Structure formats: C-alpha cells, structure tokens
Amino acid sequence: MDSRSVLRNTVAAVIAATVTGGGSGVAWADEWAAAERTGESVRPVTHVGVWTTRVAAQPPRYRQAPAKIRSKAYAFRLVTRHTWSGEQFQCLDSLWTRESNWDHRAYNQGSGAYGIPQALPGRKMGYVASDWRFNPQTQIRWGLRYIKGRYGSPCGAWGHFRSHNWY
C-alpha cells in the first residue's frame, strides 16, 4: 500500500467516524439531544466523502553541517581515539586554523602546501588514500599520523609552530 492510499483511507475513516458520532462530532451530539427533547425523529445521515491529494513521498531533507564543522568533528573523534585529551584537540584546532582554516582545498602557492594539514608536497597524503585532494578525512588522518610521528602530540606540533611559524 503506497502513501497515497494510506492517507486517503485515514482521511475517509476520520470523516466517517466524526459524521456518525464516533469522533469529535459535538455539533451532532447537540442536535441529537435537542431532537429528543422536542420529540422529533432524527435520522442520522452518513456521508463519507473521499478525495485525493498529491503527497510527495520524499525523505526529509537534512541540512548538512558545513565542511569545516564536519572536519573538526571527525578530527575530534580521531584525537580522542588516540587517547589524547581535549586539550590536545584545542592545540590541533589552533594549529590547523592557522594553517588552512580547516579548508580541505587550501593551497599555498608560495610553497605548494595543500589541504587541512598543509602537507608539503600535498601528494605525500597519497599513502593514506588516493582521494587526498578532495577528502578532508584522508587529510586529517595523514595530518594526525604526521604530527604523532614528528612531534608526539598536537600540542607538541602547536608549540613548534608558535616558536618557528611552521611545523
């Protein structure tokens, strides 16, 4: 049974119940009581009308969060998976905000660095996955591996960046 049939049958049932006194037909009950007081006979009239309407059976549209927010959420999950603290994520957020503002398409024309972690050259991220140019999750995974291997933690990388202006 499709959604139109369900809607049509539901509407018909509600109308029938209301008109025959099974629903919230308060006016019908008042009319019946008045007729009984005057001795008139009231003949219930049942009119069941069925009409069709167009129903678009589409899934609800959810507004997707901006790429920057999704990237930060993914990075937070990976940072906590590494058993690093929330402080480590704050350092990572500061670092990558300064480097690329979390833009997975960020490109530095002067150095050739690319992506969220500003890998130099960008093709180094290819050993994580071949979609490194357009997938922020690949870039984040590569960036966290790089940070862990070179600096031990995001706060270590952030400290180096603050003193040398690069990491």
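In the predicted model, Arg105 has a relative accessibility of 56% and therefore counts as exposed. The side chain of Arg105 meets that of Asp103 in a salt bridge, with an N to O distance of 3.6 Å. Asp103 has a relative accessible area of 29% and is partly exposed, because this value lies between the limits of 20% for buried and 50% for exposed residues.

The structure holds two salt bridges. Besides the Arg105 and Asp103 pair, a salt bridge joins the side chains of Asp93 and Lys72, at 3.1 Å from N to O. This pair links distant parts of the chain: Lys72 belongs to helix α3, which spans residues 67-81, and Asp93 belongs to helix α4, the two residues being 21 residues apart.

Aromatic contacts were also examined. A pair of aromatic rings is described by the distance of the centres and the angle of the planes. The count of aromatic pairs comes to ten. One of these is formed by Trp96 and Trp102, with 5.4 Å from centre to centre and 75° between the planes. The pair is edge-to-face, because an angle over 60 degrees falls in that class. Both partners are buried: Trp96 has a relative accessibility of 0%, and Trp102 has a value of 2%. A further edge-to-face pair consists of Tyr146 and Tyr151, for which the centres are 6.2 Å apart and the planes again make an angle of 75°.

Helix α6 covers residues 154-164. Its buried residues are Pro154, Cys155, Ala157, Trp158, His160 and Phe161. An α-helix has 3.6 residues a turn, so residues three or four places apart point the same way. After α6 comes Asn165, which has a positive phi near 65°.

Key:
Residues numbered from 1 in each chain as written. Predicted model: local features only at pLDDT ≥ 70, side-chain atom pairs only at ≥ 80, totals over all residues. Heavy atoms only, no water. Phe/Tyr/Trp six-rings, centres within 6.5 Å; stacked < 30°, edge-to-face > 60°. Buried < 20%, exposed > 50% of the residue type's maximum accessible area, 1.4 Å probe, protein only. Helix = DSSP H or I, 4+ residues; strand = E, 2+ residues; numbered from the N terminus. Salt bridge = Lys/Arg side-chain N within 4 Å of Asp/Glu carboxyl O.
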